[in-house]
Amino acid sequence: MQLVNLLEKMKMDNLTGQLDALCEQAAKRDMNYRDFLEEALRTEWTGRHQKGVEARLKLARFPWVKTMEQFDFTFQPTIDRKVIRELSSTSFVERGENIIILGPPGVGKTHLAVALGVKAIEAGHSVLFLTLESMITRLTRARTENRVERQLIQFVSPKVLIIDEMGYLPMNREEAGLFFRLLTRRYEKASTVITSNKSFVDWGEIFNDQVLATAILDRLLHHCTTLNIKGESYRLKEKRRAGMFGPPPKKAEVPKEEDEEKDSSS
Ligand code: ADP
Ligand code: MG
């Protein structure tokens with residue numbers, strides 16, 4: 001069998017495409033057989049890995065893709081860089097641990113959640129991103145259509161499930177019950193990343209049930225890293241830089257109870 005046929009049979013498409021260039025390079029650099037074989041196989045592997053990353057990125061359904069490298073940590077000094085480095089290694093995924101990112105609007109919760117999802121994808125894991133609202137909508141619709149089990153499996157199977165914006169809308173009992181079922185199924189098997197603008201003490205309101213909220217927190221927090229961001233909104237910083245609000249107010253002039261977000265809407 002000829003080389004190109006062999007490569008085709010073995011589905012080495014990436015190598016086939018690069019074969020001429022590789023051979024030319026090997027001749028120029030006077031490569032030995034072993035180095036050439038290594039280079040050839042690396043070319044195939046890199047191509048496959050890249051396609052895998054692209055496929056998983058599509059399946060993840062991120063609203064937009066932002067990376068850890070694009071995050072300005074000097075703007076959010078309350079975030080511990082060591083913790084971020086550890087999380088970026090994605091060993092939390094292998095251990096099935098959770099991450100909860102808390103903080104007011106605009107501090108980069110979604111950005112960090114997406115960036116961690118991208119790291120997990122690069123490490124070979126499956127990721128699914130959705131807002132709590134769309135997750136609940138899909139679960140309740142599935143229930144009325146008698147296919148809640150199938151829908152649950154779809155949310156249980158990704159190695160990393162990112163649930164964005166917990167706390168903007170309260171859930172009724174049935175919805176909270178479905179959410180609890182999902183978390184119980186993922187517990188200690190797969191990682192769940194949650195972002196929320198509400199601190200844990202207010203989670204009772206989200207679930208409309210203190211007992212259920214406690215049970216949910218119990219499972220989520222058992223193996224969990226919590227990032228509590230206490231900074232200024234990055235969106236406001238950018239608007240301010242564009243001159244929309246003028247210079248930032250001097251600290252001493254700002255009455256304590258007036259926060260940034262209220263300022264912007266008035
Ligand atoms: P949140 O989810 O906390 O409301 P986002 O993650 O949506 O905030 O951030 C709002 C916008 O600001 C996004 O475009 C995000 O990429 C950007 N952003 C937020 N914080 C930072 C940061 N520290 N460095 C770079 N970009 C940031
Ligand atoms: Mg967000």
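Reader: Which residue stands opposite T131 in β3?
Author: That residue is D164. The model you see is predicted: local features need pLDDT of at least 70, side-chain atom pairs count only at pLDDT 80 or more, and totals for chains, interfaces and linings use all residues, while side-chain values use heavy atoms, without hydrogens and water. Residues are numbered from 1 along each chain as its sequence is written, and chains are lettered from A and ligands numbered from 1 in the order in which they are written.

Reader: How do you know that β2 and β3 are joined, and how many bridges join them?
Author: Two strands pair if DSSP finds at least two bridges between them. Here 5 bridges join β2 to β3 (residues 160–166), so the two strands pair. They run parallel. Besides T131 and D164, you can look for F129, which stands opposite I162 in β3.

Reader: What makes a stretch a strand or a helix?
Author: Both are DSSP runs, numbered from the N terminus: a helix is H or I over at least four residues, a strand is E over at least two. By that definition, the protein has 13 helices and 5 strands.

Reader: What makes the protein more spread out than a compact globule?
Author: Its radius of gyration is 24 Å, well over the 18 Å that the globule rule gives for 266 residues, so the protein is more spread out than a compact globule. The radius is taken over C-alpha atoms, and the rule is 2.2 Å times the number of residues to the power 0.38. Those C-alpha atoms fill a box of roughly 75 × 55 × 30 Å, taken along the principal axes.

Reader: Why is β3 called largely enclosed?
Author: Of the 7 residues of β3, 6 are buried, so the rest of the structure largely encloses this strand. Buried means under 20% relative accessible area, exposed means over 50%, and partly exposed lies in between (1.4 Å probe, protein chains only). Strand β2 (residues 127–131) is mostly covered too, with 4 of its 5 residues buried. In the protein, buried residues make up 41% of the 266 residues.

Reader: Which residues is T43 in contact with?
Author: Leaving aside neighbours within four places in sequence, T43 is in contact with N14, Q18 and L22. Contact means heavy atoms within 4.5 Å.

Reader: How do you know whether R85 is buried or exposed?
Author: R85 has a relative accessible area of 56%, over the limit for exposed residues, so R85 is exposed. R85 sits in helix α4 (residues 81–88).

Reader: What is the relative accessibility of F92, and is it buried or exposed?
Author: The value is 2%, so F92 counts as buried. F92 belongs to helix α5 (residues 91–94). Not counting residues up to four places away in sequence, F92 touches L87, E97, I99, S191 and V193.

Reader: What is the phi of K11 near?
Author: Phi of K11 is near 55°, a positive value in a residue other than glycine. Most residues other than glycine have a negative phi. K11 lies in the loop between α1 (3–9) and α2 (13–28), and at 61% relative accessible area K11 is exposed. D30 also has a positive phi, near 50°; D30 lies in the loop between α2 and α3 and is exposed, at 68%.
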